[in-house]
Amino acid sequence: MNDANDKTHLVDRITGHRRMRRNRKADWTRRLVRENRLTVDDLIWPVFVIPGDNIEEPIPAMPGVSRMSVDRLAEAARKAEALGIPAIATFPNIALEKRDMNGSEVLNPDNLINRATRAVKKAAPGVGVITDVALDPFTSHGHDGILIGDEIVNDATVDHICEAAVLQAEAGADIIAPSEMMDGRIGAIRERLDAAGFQNVGIMSYATKFSSGFYGPYREAIATKGLLKGDKASYYVDTANGTEALRDAALDVEEGADMLMVKPGLPYLDICWRMKEAFGLPVFAYQVSGEYAMIRMAAERGAIDGERVMMETLLSFKRAGCDGILTYFAMDVAEKLAKS
Ligand code: PBG
């Protein structure tokens, strides 16, 4: 057969001409079609603060992360600012003798978290400070709210954290990030901040905080591990529930949240995506302590390339629609990005 019109020999029988690999063939094509990028602007650095001076104390469950005294934190904040990290989120390890049933130390205007804020704002004014008002670092039982009998009481807790939010704003916090998942807290905090003249202080809602096993190392870092009675299932979202998480976030949006957070991160990328689609507000993922520890420890044991997996997980958050990530890797990533 020598029919000049026969073009069958031109048909690529295996792929039908459809070859995805053309765009993957070289570094330049891959760069050209790359859809998402991680930059230093995506990073929020969570840090642990301890009382005292000139202390940097490694946290065994989180290799590479240390608790820092306020002076050391101020230094670190300056470094973060120089690297271009937009914001840090502070978590205090409060002296055990200052913890009580109601977490009353949170209402001390000069407590550790407020001192940390003042020091950071002074040392690195270009870095945003995000503070949490949850009571868990301050309570003798490790719960995020006020415990009466065996109930974490909602409205009394909200009242308490609203006062804490105003004190944190007075200390210079730029964004209040309430993580205790009480109902009605976003609206209540907004009202109290506004009444106190802090209209420009934002609220990043821990919109969906799941009742997760991934918080273990954090609880070691702020020494609530041995204290916690029971679990947090009566206020955090059940890990099985996506629709409920969206409903919870919707209420926070109505109440005036400026930004939303999903926590933990990687196991909940579906929630990140749904939340971004649903509300169009900035969405942040918190790559929590357990996620961090898994990567670091697996890398230490030689099972994975830690740096590569760090970058891959962070990029996944971007692909899932996140505007940024709270990550204990923030400084490592910023340094890496600065070099490349
Ligand atoms: C509690 C709080 C938690 C984290 C930050 N604030 C969770 C918890 O202990 O229940 C977890 C952060 C992490 O694991 O990195 N308000």
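Reply: On a 1 Å grid over the protein atoms alone, a cavity is a set of points where a 1.4 Å probe fits but cannot get out, while a pocket is an open set with protein on both sides within 12 Å along at least five of seven lines; lining residues have an atom within 4 Å of a point. Grid points are joined across faces, edges and corners, and a volume is the space filled by probe spheres set on the points. The model is predicted: local features need pLDDT of at least 70, side-chain atom pairs count only at pLDDT 80 or more, and totals for chains, interfaces and linings use all residues. Residues are numbered from 1 along each chain as its sequence is written, and side-chain values use heavy atoms, with hydrogens and water left out.

Me: What volume does the largest cavity have, and which residues lie nearest its centre?

Reply: Its volume is about 120 Å³. Of the 16 lining residues, Lys 209, Tyr 215, Tyr 218, Tyr 236 and Lys 263 lie nearest the centre. Strand S9 (202-209) and H6 each supply at least two residues of this lining; helices (H or I, at least four residues) and strands (E, at least two) are DSSP runs, numbered from the N terminus.

Me: How much space lies in the largest pocket, and which residues line it nearest the centre?

Reply: The largest pocket holds about 400 Å³ of space. It is lined by 19 residues, with Trp 45, Glu 56, Gly 64, Met 68 and Met 331 nearest its centre. Among the elements that give two or more residues to this lining are strand S1 (43-50), helix H2 (70-83) and H9.

Me: Which residues of H9 are buried, and what covers them?

Reply: Buried means under 20% relative accessible area, exposed over 50%, and partly exposed in between (1.4 Å probe, protein chains only). In H9 the buried residues are Ser 289, Gly 290, Glu 291, Tyr 292, Ala 293 and Ile 295. Their cover includes helix H6 (216-221), strand S11 (283-287) and helix H10 (306-319), where contact means heavy atoms within 4.5 Å. Just after H9, Gly 302 takes a positive phi of about 85°.
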